[in-house]
Amino acid sequence: MRVGIIGAGISGLSTALALRKAGHEVDLFQREADLGGLIATFDFDGIQLEHFYHFLCTTDLGYFKLCQELELSEHLRFHKASTGFYYAGKAYNFFTPLDLMLFPGIPITQRIRLGLFALEARNRKEWVQLDELTAKPWLIDRLGEQAYRVIWEPLLELKFGDFHDKISAAWVWHRIHRVAKCRGRMGYLEGGTKRLLDGLRARLDELGVRIHPEQPVKGILAEEGKVTGLSFENHPDLPCDRVVSTVPLSVLSKLLPPGWEDYAADLDRVDYIGVVCVSFKLKKAVSKHFWYNVHDTRIPFNGIIEYTNLNPMPEHDYHIVYVPYYVATDHPLYTTSDDDAISQSWEGIKLMNPKLTDDDLVASHVARTPYAQAICPTGFLKILPDHKAPLEGLRLLDSTFLYPEDRTQAGHILKAFECAEMIEE
């Protein structure tokens, strides 16, 4: 078979690898010049860095499977990565059960409930009924009002912005479940995502996968309800037997052939939130924590990720900090200038650590994407389409199909391999 793949993020690349190994002809198309999608890297003042932060958990089996295929397993590193909480002008450790018991922001009874809740979530397996519950009242009922307001509301706002009070309890459960299963151990690949992407590109070239950068797909061609190929603005049509779409569902809906408007409307029912991610390269550390939650009315963000507290990068001797803002694409934070995003983020960081001065800021960078995260409201299972489209020969891969999991590289890789197996069958 000849398969056309739309999108060269981790899903598209992994699908191409699996299908080509099975003996199929594969063409991979993407709009951007660089491979990787949301895991693409850039030169950040001499450091190859991802535009958007990622980390590994010990349960990320899909990622480990791909690293084994690419002979990169020896470069995986795991260790304890601490969490902190900057609350009302003070810094707290927020990593061990003792840290939780000593945290003064919520009553002692709610601290105990929070610890028991995390233990329950780690061991829970059934989750479908949680799809019918909204996270906010569910968390308030299980933990208490103050625990929700102080701890969980900022976390949900960090991930879903103004949509935080609509998210399903199932998504929240799996977020706790995944991290709790790691027991504090998080990891990274030495050399970062660039090492992974370089390894993937080399392997795909070796296998004969045809990669077409800067070649966006204009539309999917079909006859009598069956896929026949892909069309482009500046490229001849590509006849193919199967099409795998790894782009967001609302992007795919615009590529469907005439006559599929009702199906396009179904795909458009899934909404996405954008992200503005500000990166800093600093001479000094902000904190000792990898993940640093923030609940302070003076500070414009709800958390920072100090990546070098997970991956120290000793060869560079600098500190890398990400400040994410998950917002709708029409939100002022999304449309603001890079300079404004950098300025307000830097001022907030200096409030958290008054020892930092402007001389400590070496470089900064702003990345944006309109499709950072699918919004998973209550009853999300009812609007989630099937990965096998009613248009024969079209398969869908998108972060929505990881639900109730958060989007992870490992999850995308496993779904890509499953998709290739289904096409084989």
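The model is predicted, so local features need pLDDT of at least 70 and side-chain atom pairs count only at pLDDT 80 or more, while totals for chains, interfaces and linings use all residues. Residues are numbered from 1 along each chain as its sequence is written, and side-chain values use heavy atoms, leaving out hydrogens and water.

- Four of the five residues of strand S9 (residues 185–189) are buried, where buried means under 20% relative accessible area with a 1.4 Å probe, counting protein chains only.
- Strands here are DSSP runs of E with at least two residues, numbered from the N terminus, and two strands pair if DSSP finds at least two bridges between them.
- S6 and S9 are antiparallel, with five bridges; Lys80 has Arg185 in S9 as its bridge partner.
- Strand S5 (residues 56–57) is also antiparallel to S9, through two bridges, and Cys57 partners Met186.

**A three-stranded sheet**
- An open, antiparallel sheet has the order S11-S12-S13.
- Strands S11 (217–223) and S13 (238–239) are its edges, each pairing on one side only.
- Two bridges connect S12 (residues 226–232) with S13, and Leu230 has Leu238 as its bridge partner in S13.

**Thr297**
- Thr297 sits in the loop between strand S16 (291–295) and strand S17 (303–306).
- Thr297 counts as exposed because its relative accessibility is 82%, and exposed means over 50%.
- Gly89 is 208 residues from Thr297 in sequence, yet their C-alpha atoms are 9.2 Å apart in space.
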